Amino acid sequence: MNRTASHCYHCHQIVPKQLAVTAEINEQQQLFCCSGCVAVCQTIHVSGLESFYQHIPNVDSLSPPAQNDLTDLESFDLESVQADFVIENDETKQAILLIEGIHCSACVWLIERALNKMPGVQQAIVNLTQKRLKVVWLKNQCVLSDIILQCRQLGYDALPYQSSTALDQYNQSKSNLLYRLGFAGFTMMNLLWISIALYSGADQGEYRYFLQWIAMALATPTLLYSGWPFLSGAYRSIKQGYAGMDVPIAIGALATYLYSAYITLSQSQTGEVYFDTVVNFIFVILIGRYLESVSKYKAVNATQRLLDLQPKIANVIEQNGEIVVKPVKALVLGEVVRIKPGEKIPVDGCVVDGMTEVDESMLTGETNLVGKIIKDDVFAGTLNGAGSIDVKVNGLLTKTVLGKIIQLVESAQMTKAPIQCTTDKIVPWFVLITLSLSMMTFIYWSSVGFESALLAAVSVLIITCPCAFGLATPMSIAVASGVASVHGILIKNGAVFEQLSSIKNIVFDKTGTLTQGKIEVKEMVLVDDCDYSQETLLKWLATLESRSEHPVANAILNELKKQSLELEANISGFDYFPGQGVAGVIDGQSVMAGQIQWLRNKKINIDSLLENKAEKYQEQGYSSLFLAVNENIVALFVLFDPLKSDAKSTINTLKKMGFNISLLSGDRYSTVQSVAIQLGGLEAFAEVLPQQKYQIIQQFQQSQKTVIMVGDGINDAPALIMADIGIAIGSGTDISIESADIVLTHDKLEQIIQSIELSRQCLRTIHQNIIISILYNIIMVPLAMMAFVTPLVAAITMPISSLLVIMNASRLRIKKGKN
Amino acid sequence: MDVIYGLIPGMLLLGLLMVGIFFWACKTGQYDDMDGEASRILQDDDD
């Protein structure tokens, strides 16, 4: 594998020269992007597992390991902590751990190999799909904390896994459907060739009854077992007085089955059996149901995983000042918890001591670190930065902001009214008309005789068998989804595709969706008659910032790279004040950079002209960073989060298409307003808390407006679900992607327009298909009512109607292919 | 042609056996990890 000098030896990401870390691997100096990669790579080599690098299928798939906490793992060995997730046997213990950071089979190989080399570990099996590790170890030879430590040293976070009842239920219903599908598949395949025999002449000879009986023997359990979800669904919806799609499915299947059973049992010489139709129908529709339940399970799994990844233990400071490790479950509101640097915060709370910076991106999507001092609130699930803080607990487990968001997601999933697609609206009428027509047929023919009346009535039901009708929408959506996925648009819930073109309101999240979520330097303003050149000041600032891991630092370093300047090597006395600024001595000059309030407190002379300028920029939505040299302010750096390159053109096109566009953000009003103005004036909702995003969507819906929500962060997840259609940008977090109906994987906003265009075409095709199946019924039903439909006619026309619908739908692919 | 009186029930029994195996495979978690096992077999045990 070719690992070039400018790439990290471990994760293969490009390393800026001035930021590279070197370390000795196999007696050779190698470049690394961060100390995390060094540690992981050294662990791998020390364990003799360096062939890991040959196992990686795709080098680009690796990413730098998370900064894992390697201390204080002993708490995982406490009986009270283990009670929840460890199964104890005579000599061994067994646990399932969630592994974060697995991307490919090479990771599986590495973890299994490394753990199996540990003394005392009997078995370690990683499940790549579920990202779980099952580990069995000897009680007296090794402890769980060593196993977790080994995982973390390899760059994977490991946390205990506990199964949840909600998830188990979804899993149960998913595998239940798979069993039914498997059984239907078996009977369908066998019935197919039995019907071939019957159609090709066997129905005239001595085997007629034998084959019919076999067919019935296969169809009966299929209808009762595999078809049960439809039968019970139809029963439930009739009881509630609403005709859903299950009703015509159940009627079609039952009528066809009972008719065929009647022919078989009465040993009639002329009638035909249609057991194959029943079974095929059930099989095809079950496939759709199964896929639907898989995506539902995935959605719940993602939400659950988020909760599972929360820390399970906390360091509690007792009244007497002692620090005790307790499971989070056993904490009480009002207790004080110490959070060490780099730890994930286990609770919601208020800082009572210390200061730090916190990465809240998993909640807000905002990549900036947020400074926290006494009396500030911190939230469970966010990542503590460089400082240590003591936090007074005011929210636990499901009562935290994160827990509430997850609850919102779950409740929104349950309460959201299913989308009414065109067929759903027609189905009740369709059922009603079919039933009354067949009733009329029965009454009309009953004067001739009961048997022929029954046959005519049933043949009406069979001929209207909603095959074509049932396929009209799903086929078009399936084809359109296929076309979309080629373009990187994933349609998770096909029915929304039909809706997309009819909605007129779009709400955009700002950070990370319309903007890049990465800070850049817009401008550098120097004081009048400044003693230093612009380049020198930028170099100094970059040198200072390179020592801190703040996102602003990245912005400055990128600016430095853009101007192709080098870092200053001569720096001493570096100091870092979380959330406020940095200070140090470079080339014998005292240099400080940070917020104006902090510099003022440090008795720095403020230039009022520069301060005014900064205020003006702030009104326009930019943020500012001041640089002081030898106690005098010398420069102002204007920072901003730039718009995505296609944001403006997309918004303009959408406006031209007649959409009403709004902007939604948790940021300050001025920032949001300035973005709205840059995009040509939009309605803007600013300073919206995560919970309120969801309410704003509800407000739209209460005033009878349908809404499309476009977002990316966890905080957007409830809104994405609540909206009539949620569109997630592919670079977003897992949960927002799982909550959305449509995922744009290429991270391009233009894809929204593409999706809408495709959905318009799809809608047209659906309408054509419905017209085809209605036309078919208009021709065939009168014939059936007149008792003119011979078995042969039925056998030919029924597949033809379905074929027409399928062929019309596949035109969608050809049409799109031409463009 | 009377052979089909034996062959068809035989085929159904065989098919049911397959369904049984399929159910067993699902129950014991053979399909739980569709990605990992596929590549595990390609990785050497001792290098």
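Trainee: Which residue in β22(A) stands opposite Gly584(A)?

Mentor: That residue is Val591(A) in β22(A). Before we go further, note that this is a predicted model, in which local features need pLDDT of at least 70 and side-chain atom pairs count only at pLDDT 80 or more, while totals for chains, interfaces and linings use all residues. Residues are numbered from 1 along each chain as its sequence is written, with chains lettered from A and ligands numbered from 1 in the order in which they are written.

Trainee: Why are β19(A) and β20(A) called edge strands?

Mentor: The open sheet has six strands in the order β19-β24-β23-β22-β21-β20 of chain A, with antiparallel pairing. Within that order β19 (520–526) and β20 (571–577) each pair on one side only, and that is what makes them the edge strands. From one strand to the next the twist averages 15°.

Trainee: Which helices lie across strands of that sheet, α18(A) and α21(A), and at what angles?

Mentor: Helix α18 of chain A, residues 534–545, lies across β19, β20, β21, β22, β23 and β24, running at about 115° to β21(A). Helix α21 of chain A, residues 608–619, lies across β19, β23 and β24, at about 10° to β24(A). Such angles run from 0 to 180 degrees between N-to-C directions, with axes fitted to C-alpha atoms, for helices over the stretch in contact.

Trainee: Why are α7(A) and α9(A) called roughly antiparallel to each other?

Mentor: The axes of α7 (208–226) and α9 (246–265) of chain A come within 11 Å and cross at roughly 150°. The cut-offs are under 35 degrees for roughly parallel, over 145 for roughly antiparallel, 65 to 115 for roughly perpendicular, and oblique for the rest; α7(A) and α9(A) are therefore roughly antiparallel.

Trainee: Which residues meet where α7(A) and α9(A) touch?

Mentor: Gln212(A), Trp213(A), Met216(A), Ala219(A) and Leu223(A) of α7(A) meet Ala253(A), Tyr257(A), Ala261(A) and Thr264(A) of α9(A), contact meaning that C-beta atoms placed from the backbone lie within 7 Å. These residues divide into seven nonpolar, two polar and no charged, where Ala, Val, Leu, Ile, Met, Phe, Trp, Tyr, Cys and Pro count as nonpolar, Asp, Glu, Lys and Arg as charged, and the others, Gly among them, as polar.

Trainee: What makes α8(A) oblique to α9(A)?

Mentor: The axes of α8 (228–239) and α9 of chain A come within 8 Å and cross at roughly 125°, an angle that makes α8(A) oblique to α9(A). Among the residues of α8(A) in this contact are Phe230(A) and Leu231(A), and α9(A) contributes residues including Val247(A) and Ala253(A). The contact divides into eight nonpolar, two polar and one charged.

Trainee: How many residues of chain A are in contact with chain B, and with how many of its residues?

Mentor: There are 19 residues of chain A in contact with 19 of chain B. Helix α6(A) gives the most to this side of chain A, with seven residues, and the side divides into ten nonpolar, nine polar and no charged.

Trainee: What percentage of the residues counts as buried in chain A and in chain B?

Mentor: A residue is buried if 20 or more other C-beta atoms, placed from the backbone, lie within 10 Å of its own, exposed if 12 or fewer do, and partly exposed in between. On that count 44% of the 819 residues of chain A are buried, whereas buried residues make up 2% of the 47 in chain B. Chain A has 28 helices and 29 strands, while chain B has two helices and zero strands.

Definitions and conventions:
Pairing = 2+ DSSP bridges. Helix = DSSP H or I, 4+ residues; strand = E, 2+ residues; numbered from the N terminus. Contact = placed C-beta atoms within 7 Å.
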